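Here is a short briefing to read alongside the model. Have the sequence and the coordinates open, and we can walk through a few places together.

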Amino acid sequence: MEASSMPLLTASRLLSPPPPTLTCLQRTVSLVRAAAQTLEAPEAPKPLRPSPRRSAVAEVKASLDPVAALNRFEDVLQTQDCNIILRHCGDTRRWDDLSKVFEWMQEHEMTNAASYSSYFKYLGLSRDPARALQVYGAIQDHTMRVHVSVCNSVLGCLVKNGKFDSSFKLYDEMIREGLSPDPFTYSTLLSGCMKLKQGYTKAMGLINEMKSRGLQMDSVIYGTLLAICASHNYFEEAEVYFQKMKDEGHSPNLFHYSSLLNAYSENADYGKAEMLMKDLRNSGLTPNKVMLTTLLKVYSKSGIFEKAKELLTELEASGFAQDEMPYCILIDGLVKGGKIQEAKMIFNEMKDKGVKSDGYAFSIMISALHRGGHHQESKQLAKEFEDQNASYDLVMLNASLRTYCSTNDMESVMRMLKKMDELNISPDNITFNTLIRYFCNAKVYHLAYKTIEDMHAKGHQLNEELCSHVMIQLGKAGFPSEAFSVYNMLRYSKRTVRKSLHEKALGILVSAELLKDAYIVVKDNAEMISPSSLERFARSFMVSGNINLINDVMKALNRSGWRISQDIFARAIQRYIRKPDKKHLLLCLLDWMTGQGYSVDSSSRNLLLRNAQLFGPKQLVAEILSKQQTASRSKTIGQRHN
């Protein structure tokens with residue numbers, strides 16, 4: 001068996017190729033590896049040339065004159081490219097270029113829903129809601145006008161800029177035109193309800209409408225609804241919606257907890273606030289700076305100052321008290337609680353820790369010291385802020401202005417007013433009333449009048465008591481016309497003034513013999529003026545008032561229910577007799593007296609008969625007087641029978 005196998009083995013060896021040498025093996029392996037690497041390695045990418053559209057977009061973005069650049073690439077760009085350019089202008093806050101690009105797109109019919117939506121969004125950011133309304137109103141394409149993203153964007157622009165009434169009015173128009181709102185539409189409108197006076201009622205109407213359209217509440221809408229409840233002090237309703245949201249499977253986040261906590265802060269309900277914070281932590285969430293600051297507000301409003309101080313310490317340790325707001329909340333609570341000295345301690349601690357104040361904490365302390373009668377200390381604090389800060393807001397300016405006025409520091413008052421002009425800060429009611437009181441105390445009533453005039457021109461509501469005081473002092477100081485002007489500003493403002501104001505104004509005008517103006521007061525308000533004041537006015541007018549208005553004055557006095565005395569008629573008759581050219585007016589007066597049941601006294605009768613020839617046929621006056629006597633007798637007999 002072994003012998004027979006030998007030839008086979010030998011044959012196989014003979015048939016097999018000789019084994020390669022080591023050098024050949026290495027060469028083969030190198031070749032195989034090189035081939036493998038060639039197969040596995042991708043081909044080096046060739047540099048891509050940017051497309052003409054992409055290059056055009058980049059060039060327009062970088063251009064200082066985007067319209068000129070758009071004109072160059074009009075045949076290259078498409079609508080979506082223009083939208084990219086439009087959004088770039090908005091993102092870089094190039095507001096002028098934004099509108100120019102959009103107008104170019106409109107002219108070249110290269111707009112779509114995304115174009116309008118983006119444009120309205122950026123108009124909202126640039127505070128130009130009027131332009132948004134104008135552009136939306138000019139849209140002719142009905143489909144575009146009711147496109148939900150376009151409508152949402154323009155409504156959002158209005159709401160963002162505080163045009164809440166306009167947003168709801170426009171929404172109603174959109175619905176009539178066929179808009180099918182989505183949840184974002186309702187979320188946008190609901191956010192506007194937070195600032196409306198009847199916002200909660202309006203919000204409930206929107207929620208009911210949304211449900212009737214088959215749309216479901218989501219966590220965002222629930223969050224907005226909770227914020228509305230908080231802003232309108234509906235904390236019980238907020239609790240209901242918070243629980244309903246959880247029952248529907250929506251997990252509340254920090255915004256939802258914060259909104260409900262805000263509702264509790266309005267009512268200073270620290271018990272429920274603490275329970276809510278416990279629930280928040282049990283849910284695995286960690287309260288943020290906003291929530292802890294709101295809890296501090298709850299404690300401060302509730303008068304739980306020890307807990308408030310402990311929480312402030314916690315905020316400091318967490319790095320959440322690097323600005324003045326937490327300190328301001330506690331300082332304000334202490335001041336309102338009558339603990340001014342404790343408030344000063346917190347305020348001084350804040351300054352010692354180097355916390356930067358934008359003026360809010362200073363304004364609280366300056367006002368508190370001013371109200372407490374610590375005028376010099378208040379003034380010193382105002383000076384300290386002024387020395388350390390160049391920027392002011394209206395609150396801080398008003399606080400400083402009040403304390404400077406209270407210490408009669410005219411130089412500082414003028415400096416504050418100059419600063420207000422330099423910073424382009426518009427005065428409010430507090431500013432104007434502070435200045436009016438200051439000028440009154442300084443007895444410079446003409447300046448007080450000019451301030452009232454400016455206040456009225458700017459549309460602010462006048463303080464009746466303060467303006468009435470100025471009106472009287474102007475009258476005493478010899479400025480009756482200015483006093484009458486103040487009266488008219490009060491009278492024609494959108495309010496009901498006290499009855500006594502008319503009598504005060506009448507007294508000033510009669511004393512100054514401005515009887516025509518006095519007649520205007522009487523004509524419109526005689527029923528609110530005392531008989532004695534009407535008597536003084538009537539006597540003065542018959543003697544020196546415009547003779548052509550005597551009969552009108554008589555009729556106005558009679559309409560008020562005041563019975564005109566015979567002495568007033570006697571004065572009028574004497575005046576007419578001295579002016580025979582006014583005979584027509586005298587005869588009209590005598591006829592009117594007869595119709596109203598008046599008659600002249602014997603002295604006036606004799607005077608008229610002696611001068612009857614001055615007024616036409618002598619018997620004419622006698623006949624009129626006879627009719628008066630007959631009517632007077634009939635009236636007397638009727639009264640006796642009654």
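**Core, helices and a few residues**

Leu77, Phe537 and Met554 touch the most other members of the largest nonpolar core, which has 192 residues. A nonpolar core here is a set of buried Ala, Val, Leu, Ile, Met, Phe, Trp, Tyr and Cys residues joined through side-chain atoms within 4.5 Å; buried means under 20% relative accessible area, exposed over 50%, and partly exposed in between (1.4 Å probe, protein chains only). This is a predicted model, in which local features need pLDDT of at least 70 and side-chain atom pairs count only at pLDDT 80 or more, while totals for chains, interfaces and linings use all residues. Residues are numbered from 1 along each chain as its sequence is written, and side-chain values use heavy atoms, with hydrogens and water left out.

**In the core**

- Beyond its neighbours within four places in sequence, Phe537 is in contact (heavy atoms within 4.5 Å) with Leu506, Val510, Leu515, Ala518, Tyr519, Val522, Val553 and Leu557.
- As general background, nonpolar side chains tend to be buried together in soluble globular proteins.

**Helix α13: one face in, one face out**

- Helices are DSSP runs (H or I, at least four residues), numbered from the N terminus.
- Helix α13 covers residues 199–212, and its 14 residues reach 20 Å from first C-alpha to last, close to the 20 Å expected at 1.5 Å a residue; the expected span is 1.5 Å times one less than the number of residues.
- Its buried residues are Gly199, Tyr200, Ala203, Met204, Leu206, Ile207 and Met210.
- Seen down the axis of α13, these buried residues fall within an arc of 165°, so they line one face of the helix; the arc is that of the directions from the helix axis to the C-beta atoms.
- Thr201, Asn208 and Ser212 are exposed on the other side of α13.
- The cover over the buried residues of α13 includes α11 (164–177), α12 (183–193), α14 and α15 (235–247).
- Just after α13, Gly214 has a positive phi of about 80°.

- Not counting residues up to four places away in sequence, Thr224 touches Ser187, Leu190, Ser191, Met194 and Phe255.

**Helix α29: largely enclosed**

- Helix α29 (residues 480–491) has 12 residues and spans 16 Å from its first C-alpha to its last, close to the 16 Å expected at 1.5 Å a residue.
- Of these 12 residues, 10 are buried, so α29 is largely enclosed by the rest of the structure.
- Among the buried residues of α29 are Glu482, Asn488 and Arg491, along with Phe484 and Leu490.
- Helices that cover them include α27 (445–457), α28 (464–476), α30 (499–511) and α31 (515–525).

**The α5–α7 pair**

- Helix α5 (residues 79–91) and helix α7 (residues 113–125) pack at an angle of about 5°, with their axes 10 Å apart.
- That makes α5 roughly parallel to α7, a label for angles under 35 degrees.
- Thr79, Asn83, Leu86, Arg87, Gly90 and Asp91 of α5 meet Ala114, Ser115, Ser118, Tyr119 and Tyr122 of α7.

- Ala268, in the loop between α16 (254–266) and α17 (270–282), has a positive phi near 55° and is partly exposed, with a relative accessible area of 22%.
- Lys443, in the loop between α26 (429–441) and α27, has a positive phi near 60° and is exposed, with a relative accessible area of 61%.

Notes:
Helices (H or I, at least four residues) and strands (E, at least two) are DSSP runs, numbered from the N terminus. Axes are lines fitted to C-alpha atoms, for helices over the stretch in contact, and angles run from 0 to 180 degrees between N-to-C directions. Angles under 35 degrees count as roughly parallel, over 145 as roughly antiparallel, 65 to 115 as roughly perpendicular and the rest as oblique.
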